[in-house]
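Please read them with the structure open.

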Amino acid sequence: MSAEMTLETEAALTSTVLRSVFSCFPSGVVSLCALTRDESGTPAPHGMVASSFTSVSIDPPLVSVYIAEGSSTWAQLRQVERIGVSVLGAAHSVLGRQMSVRGVDRFAGIDWRTRPNGAIYLDGAAATFECSVEMELEVGDHTLAVLRIHDVDTDMSVEPLVFHQSKFKQLAGR
């Protein structure tokens with residue numbers, strides 16, 4: 001391959017092109033949520049959604065997620081003892097959008113529960129993980145967060161929510 005061909009190909013890799021191509025790969029959707037405390041010590045829920053969640057290791061039990069650079073929500077969550085990770089169910093498409101919007105109450109009208117250590121789980125999740133931050137690594141315009149799993153639960157009757165072609169979708173029936 002010539003140097004000219006390589007430069008031409010790299011120039012075509014705009015963020016719009018990459019987002020379009022990346023959207024061809026369906027992924028699950030999770031929420032990362034926890035109670036944080038403001039300057040006065042008052043607890044408040046913080047949460048976000050991510051579609052880059054994956055298992056990493058069985059021993060030790062680890063999962064990972066990529067967080068967009070400069071996320072103010074991640075800045076809050078990364079400081080807590082435990083983060084609740086909920087695998088969103090097919091019925092959570094509106095919730096998924098709501099938890100992605102900046103400047104709104106992301107928990108308005110959402111049913112959730114708090115663990116004693118501050119991790120928050122969303123009701124109706126296909127699975128939940130109680131995690132702590134094991135390590136972080138800056139990768140391009142994202143942070144790779146590796147999370148250690150401390151507890152899990154699952155509801156096999158809940159179909160997962162899928163993010164595909166920039167839309168939340170449901171899997172075809174079983």
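1. Two strands count as paired if DSSP finds at least two bridges between them; helices (H or I, at least four residues) and strands (E, at least two) are DSSP runs, numbered from the N terminus. By this rule E9 and E10 are an antiparallel pair joined by twelve bridges. Glu138 faces Thr143 of E10. The hairpin of E9 and E10 has two residues between the strands, and Gly140 there has a positive phi near 60°.

2. The model is predicted: local features need pLDDT of at least 70, side-chain atom pairs count only at pLDDT 80 or more, and totals for chains, interfaces and linings use all residues. Residues are numbered from 1 along each chain as its sequence is written, and side-chain values use heavy atoms, with hydrogens and water left out.

3. E10 (residues 142-154) also pairs with E5, again antiparallel, over seven bridges. Within this pairing, Ala68 has His142 of E10 as its bridge partner.

4. Strand E5 (residues 62-68) holds Tyr66, which is partly exposed at a relative accessible area of 35%. The scale is: buried under 20%, exposed over 50%, partly exposed in between (1.4 Å probe, protein chains only).

5. Tyr66 belongs to a nonpolar surface patch with Met135, Leu137 and Val139, and together they have about 330 Å² of accessible area. Strand E9 (residues 127-139) supplies the largest share, three residues. Patch members have over 30% relative accessible area and no salt bridge; nonpolar side chains (Val, Leu, Ile, Met, Phe, Trp, Tyr) are joined within 5 Å, like charges within 9 Å. A salt bridge here is a side-chain nitrogen of Lys or Arg within 4 Å of a carboxyl oxygen of Asp or Glu.

6. How many aromatic pairs does a search of the whole structure find? It finds two. Phe53 and Phe129 form a tilted pair, 5.5 Å centre to centre with 55° between the planes. Because Phe53 lies in the loop between E3 (43-50) and E4 (54-57) and Phe129 in E9, the pair ties together parts 76 residues apart in sequence. Phe53 is partly exposed at 23% relative accessibility, while Phe129 is buried at 16%. Rings of Phe, Tyr and Trp (its six-membered ring) pair if their centres lie within 6.5 Å; planes under 30 degrees apart are stacked, over 60 edge-to-face and the rest tilted.

7. His92 sits in the loop between strand E6 (83-87) and helix H4 (93-98). His92 is buried, with 8% relative accessibility. Its side chain reaches the backbone nitrogen of Gly89 at 2.8 Å, and a polar atom of that side chain lies 2.9 Å from the backbone oxygen of Asp123.

Definitions and conventions. Accessible areas come from the Shrake-Rupley method with a 1.4 Å probe; for residues, only the protein chains shown count as cover. A polar contact is a pair of N or O atoms within 3.5 Å; within protein, one must be able to donate a hydrogen and the other to accept it, and residues adjacent in sequence count only if both atoms are side-chain atoms.
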